[in-house]
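Try each task before you read its solution.

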Amino acid sequence: MKLKEAAKKEERLTGGHRLCSGCGAGTVARLVMRASDNPAVVGCATGCLEVSTTIYPYTAWEDSFIHNAFENVGATISGVESAYRSLKKQGKMDEDFDFIAIGGDGGTYDIGFQSLSGAMERGHDMVYLCYDNGAYMNTGIQRSSATPKGANTTTSPAGEVIPGKQQYRKELTDIMAAHNIPYVAQASPFKPQDLMKKAKKAFEVDGPAFINVLAPCPRGWRSKAEEGIELTKIAADTCFWPLYEIEDGEWKLNYKPKNKKSITEWLEPQGRFKHLFQEENEALVEEIQEHVDQRWNTILNRCGEL
Amino acid sequence: MVKPGDGYKDIPKGGLILEVGNAKSYKTGGWRTERPILDKEECINCHLCWAFCPDSSVLSEDGDVKAEIDYDHCKGCGICAYECPVNAIEMEKE
């Protein structure tokens with residue numbers, strides 16, 4: 001879909017929401033909703049996007065919207081979808097609807113994980129979108145299982161005792177692929193057409209679909225607001241955040257950087273990794289680089305690029 | 001829409017918001033410290049700024065992004081200016 005053409009469709013997330021200036025979640029949600037051709041039922045797990053887009057008595061959504069607790073957006077939307085299917089079967093309804101659950105990494109990787117896993121396993125015709133900014137940004141930057149190793153957060157503070165988060169992040173996209181659902185994708189907002197294409201596939205596929213999208217957070221990443229989208233490009237160029245999709249079990253790579261960049265280019269512009277550039281943490285950066293390389297090779301292998 | 005001073009009888013049951021997209025009437029333009037200025041001569045209409053804007057504030061009309069910037073909602077993050085491939089957008093102090 002050309003951007004010019006996409007722009008002719010109506011906006012589904014209006015301005016006037018109160019996400020921070022430069023927040024990636026707004027961009028991601030807007031682009032994904034563009035790909036839907038039907039009226040939608042949107043549910044958000046507790047998180048930045050949820051609280052900022054629907055501050056009472058305002059809503060920035062042009063579709064039906066359901067608030068959720070942190071852990072249950074997967075369950076809510078799967079329930080709505082089931083009710084809809086039943087009403088359709090009974091002949092009480094005939095319009096087409098899209099169903100989408102949205103969560104941040106906290107509401108998806110951690111707290112909302114069981115309801116997401118259940119909804120996918122039961123095979124509901126719904127989309128789950130995770131905007132991954134790598135920590136609980138809404139409550140003040142606490143580490144989540146999506147936080148990259150070495151990142152400074154309020155619950156993994158870099159100092160004399162530890163150099164930021166001590167664990168690697170969980171590969172949720174792989175876990176979702178292991179659910180053997182028809183469509184799983186990892187995307188990034190710096191490629192808006194790719195993101196919309198993936199969202200379109202996710203909406204159109206018959207059955208559950210999961211999209212994991214990297215979303216810059218200037219507050220939590222301690223980066224400049226205007227550089228957010230550029231950072232998501234660097235994430236892809238350093239292979240920290242590869243873009244790929246899994247369609248009916250078939251892995252496909254969507255972006256191969258011409259020159260794979262060193263991980264330091266991803267770490268350096270972000271204040272949350274500032275301490276990694278002190279002398280005593282040199283080995284840690286090397287270790288992170290090795291981990292990224294390994295992961296990249298695994299993906300190349302699975303996508304048949306090796 | 002519920003207004004300050006409304007009593008509980010004025011609020012829809014369940015605290016529902018009955019009007020979609022009414023956040024449009026909430027102006028976030030005041031958050032801005034710098035405003036994007038679009039040079040319509042330089043613009044190549046690639047729509048990247050439109051796609052990247054988190055606040056839906058780069059307006060496109062009939063496939064033409066040269067329409068306007070919505071200063072009522074633009075928070076001045078500067079992504080549009082930073083990402084513009086031909087530097088057609090400049091950030092100016094408010």
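Two residues are in contact if their C-beta atoms, placed from the backbone, lie within 7 Å. This is a predicted model, where local features need pLDDT of at least 70, side-chain atom pairs count only at pLDDT 80 or more, and totals for chains, interfaces and linings use all residues. Residues are numbered from 1 along each chain as its sequence is written, while chains are lettered from A and ligands numbered from 1 in the order in which they are written.

**Exercise 1.** Find how many residues of chain B are in contact with chain A.

*Solution.* Start with the count: 34 residues of chain B touch 36 residues of chain A. Next, look for the elements, with helices (H or I, at least four residues) and strands (E, at least two) taken as DSSP runs numbered from the N terminus. Helix 1 (48–52) and helix 2 (79–83) of chain B each give two or more residues to this side. The largest share, four residues, comes from helix 2 of chain B.

**Exercise 2.** Work out the strand order of the open sheet in chain A.

*Solution.* Strands pair if DSSP finds at least two bridges between them. The eight strands of chain A follow the order 2-1-3-4-6-5-7-8, with mixed pairing. At the edges lie strand 2 (64–67) and strand 8 (250–253) of chain A, each pairing on one side only. Now zoom in: strand 1 (residues 40–44) of chain A runs parallel to strand 2 of chain A, joined by four bridges. Val41(A) has Ser64(A), in strand 2 of chain A, as its bridge partner.
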